[in-house]
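My notes follow the display.

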Amino acid sequence: MRKALDLAEKGRGYTSPNPVVGAVIVKDNLLLGEGWHARFGAAHAEVVALSQAGEAARGAVLYVNLEPCSFYGKTPPCVDAIIQAGIEKVYIGMIDPNPNVNGRGVDKLKAAGIGVEVGILENEARELNKGFNQYIRENRPWVTLKLAVTADGYIADITGKSQWISSPDARAFVMQERTRYDAIMVGIGTVMKDDPSLLPEKQDGYIPYRIVLDDLLNIPYRMKLCSDDFRKRTIVVTTQTNKNKKAGELQNTGITVIPAEPDDFGWIDLSSALRKLAELGITSIYCEGGGQLAGSLMTQKLVDELQYIIAPKIIGEGIFAFSGFMRTLDEAIQFAWQQPVPLGPDVLLRGKLR
């Protein structure tokens with residue numbers, strides 16, 4: 001199953017809004033076939049592994065991190081292929097939350113006389129497809145908020161300078177994390193201040209979408225997100241749908257512009273924006289925005305995971321990590337922290353919203 005999970009990871013970024021899936025076929029302690037879902041619309045992991053095993057799959061055992069599909073989508077049902085191949089037993093990491101499957105695949109395998117065991121490394125399987133699971137359950141992407149802060153809680157000094165609060169080790173970690181999400185998201189303030197590219201370190205493979213929340217559609221054409229070779233991977237979310245000329249010019253260069261509903265103050269309604277992004281097939285977002293965006297996401301409880309990188313630096317005054325809301329201790333937003341992780345001189349704290 002661990003091998004199946006590792007194989008599944010190879011499809012990261014290419015399969016959305018489908019999940020990442022890996023499959024392994026074994027008989028008499030011999031590996032007969034393996035496969036992963038390589039991209040949206042391509043053959044599923046189980047079918048790839050079965051094709052590799054051929055006739056030897058009869059009487060073998062299949063390991064797969066997600067329940068095999070039982071309906072016709074872009075490809076035929078995987079359960080049919082498993083039954084026809086003569087697989088004897090199937091070990092499954094987790095049940096597929098998709099209502100089109102959700103236990104039906106298991107039922108069909110059992111009805112065909114195939115042994116089934118569910119829940120092998122289930123926590124790891126759920127973590128692997130946390131974006132897909134969220135997308136199915138709540139029709140919005142999983143949002144991880146990353147903040148690099150000084151020990152006294154600032155993300156920038158009083159001049160707005162934030163490069164570099166964190167260490168090279170922490171920045172390398174962030175670069176790697178970017179490859180694990182469908183999209184990287186910032187607000188227009190971060191774009192205007194830093195002109196980021198929001199790209200992973202290596203740019204010859206998977207490139208996540210770059211999302212800019214730009215209420216007034218003011219993003220300059222000269223910014224890297226609008227002018228670099230990956231501008232077709234840029235999405236601008238705005239409430240200013242009446243700026244048809246600006247929107248059209250951006251779209252003509254390959255940039256996607258999507259409208260979002262305004263909130264009571266005329267700014268982007270974040271829940272609406274996330275639903276719109278889900279409609280594009282985006283299931284997971286790594287947010288690297290500033291304090292205002294962080295505060296808005298936090299107060300609306302739209303953060304699923306917090307990555308809080310603390311640097312051993314104290315500056316005394318600057319820009320706070322979270323802006324735009326105030327709460328009493330009784331109203332505080334609470335997280336459940338995981339084990340701290342050292343990143344060179346820095347410390348990474350991960351937290352899940354309670």
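Is asparagine 139 buried, partly exposed or exposed? I looked it up: asparagine 139 is partly exposed, because its relative accessible area is 40% (buried is under 20%, exposed over 50%, partly exposed in between, with a 1.4 Å probe and protein chains only).

I note that this is a predicted model, where local features need pLDDT of at least 70, side-chain atom pairs count only at pLDDT 80 or more, and totals for chains, interfaces and linings use all residues. Residues are numbered from 1 along each chain as its sequence is written, and side-chain values use heavy atoms, with hydrogens and water left out.

I located asparagine 139 in the loop between helix H6 (130-138) and strand E6 (142-150); helices (H or I, at least four residues) and strands (E, at least two) are DSSP runs, numbered from the N terminus. Asparagine 139 is not a glycine, yet its phi is positive, about 60°.

I then checked aspartate 28, in the loop between E1 and strand E2 (30-36). Aspartate 28 also has a positive phi, near 55°. It counts as exposed, at 68% relative accessibility.

Next I looked up proline 17, in the loop between helix H1 (2-9) and strand E1 (22-27).

In H3 (residues 78-85), I listed Val79, Asp80, Ile82 and Ile83 as meeting Gly105, Lys108 and Leu109 in H4 (contact means heavy atoms within 4.5 Å).
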